[in-house]
Amino acid sequence: MRQTHNTPQNPVRLIAVSNRTAVDPNARAGGLAVALWDSLKSTNGLWVGWSGKVKDFPSLTPTKVTDDGVDFALCDMSKPQYEGFYLNYANSILWPLFHNRLDLVNFDLHNFAPYQETNRQFAKAVEDNANSEDFIWVHDYHFFLIAHELRKNGWTGEIGFFLHIPFPAPDVFRALPEAALMGRALCDYDIIGLQTSTDVINLKRYLVEDCGGKEVGEEDVLVFGRTVTLRHCPIGIDAKNFRKAALGKPAKKAAKKLRRFLGGRKQIIGVDRMDYSKGLPQRFEAVSKLFDHFPETRGVTSFMQIAPPSRSIVDEYVQLRERLDGLCGRINGDYGDLDWIPIRYLARPYERAEIAGLYAMSDVCLVTPLQDGMNLVAKEFIAAQDESDPGVLILSQFAGAAEQMKEALIVNPYDTEAVAQTLHKALNMPLEERQARWKALHKTVDTQDINWWRNRFFAPRGFTQSVPKIAT
């Protein structure tokens, strides 16, 4: 790695590492890209990630691309890497385990080797392009081992890590055969950002109970001879720009098309990647019970679920798709009429601006995951609403967003009877109450936005400020 000194001509760079990047300009409209782009651009930074290409043989040299002042180092994967690292270890072991679905974990020990190999490959791409003064910021469960690989090769600079998914309780994490190795590797990061206070507690417990760590401050743990900062950093959205998108032409066009279909009916909306963590079957059952227990909602209320498929070649996702197809058909068959379809189920992606328009015209948003790191749909829905006549957010107690968004109607997604009751309450909520709840929620979403999240992560070590309390 190149050694250099930090001068005004050679400022500290940000090096971001994530599985997916925003090398495609169309991917820069929201999410992680918004938080990273300004910092990468202002520091002439580097984004290391997967190219999206799967080749017959490993590619040892990343493809270099520069766009709008940001450099990219894009690594291809071989077919064995894609299967072992991405499909099998990251998404069939780590993903279900970190979402408390031990019943779905495929504990195949052969998949850890490609996980290590791929982390080593991405770490080398960082090392070959890094200066000693750069700050390396690694994202998500694909790359727990990046810091460990860099430290083995002598890197002494700062490395941060942000986990976008939940960190499980120690008893669940210990089920991972490589838990001790992974826990040790995490301690090679200087700062670890986590979505909720529960995630912080879970990781801190593991480091103290299993790794011999000692709490030495509100955020810090002394472990393996290093001080590791565990920081509560709930991720936000670019609220102002999302609101602009909801008022733009593509949004209005999408809303106009849907209004023709609705014919003045009330609209409940759900928007999720098709994943077993999102609680979609339970959500469909709750909507069915709404129509069953409250006959007056039939014919005057419609539910639209947008659920683009993900990881569609994995068995659990194939089974989920089949289950949702069956539930939708049954509910529409039981309750539908000649001029009314109870559930409009769309298993395809839509543009961000179109989604913003659909949020804006919806009366209720159902965000009911069984487990979720944050869930930005909840925040996007609030940002898109008209303050004079806002919709109602129903939010799972198991979504990370529930910690910040207490003015939503909080539900247990497993209790489908209660969710149906809450849907009825939301559909009939007086305007004054809707406005009061929205005002409090919007203040949280607007002030604790994506830039607030980034600045919170980069606050000096020793930073102890808790999440600001939002007045209601």
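Predicted model: local features only at pLDDT ≥ 70, side-chain atom pairs only at ≥ 80, totals over all residues.
I started with M429: it is buried, with a relative accessible area of 6%. Buried here means under 20% relative accessible area, while exposed is over 50% and partly exposed lies in between (1.4 Å probe, protein chains only).

Residues are numbered from 1 along each chain as its sequence is written, and side-chain values use heavy atoms, with hydrogens and water left out.

Next I looked up where M429 is: in the loop between α14 (416-427) and α15 (431-447). Helices (H or I, at least four residues) and strands (E, at least two) are DSSP runs, numbered from the N terminus.

Then I checked the contacts (heavy atoms within 4.5 Å). Leaving out residues up to four places away in sequence, M429 touches V392, L409, R434 and R437. I also found that the C-alpha atoms of M429 and G391 are separated by 9.4 Å, though these residues are 38 apart along the chain.

New entry: strand β5 (residues 135-139). Five of its five residues are buried. F135, W137 and H139 point one way, and I136 and V138 the other way.

Who pairs with β5? Strand β1 (residues 14-17) runs parallel to β5, joined by four bridges; two strands pair if DSSP finds at least two bridges between them. I noted that W137 is the bridge partner of A16.

Strand β6 (residues 159-162) is also parallel to β5, with four bridges, and F162 is the partner of H139.
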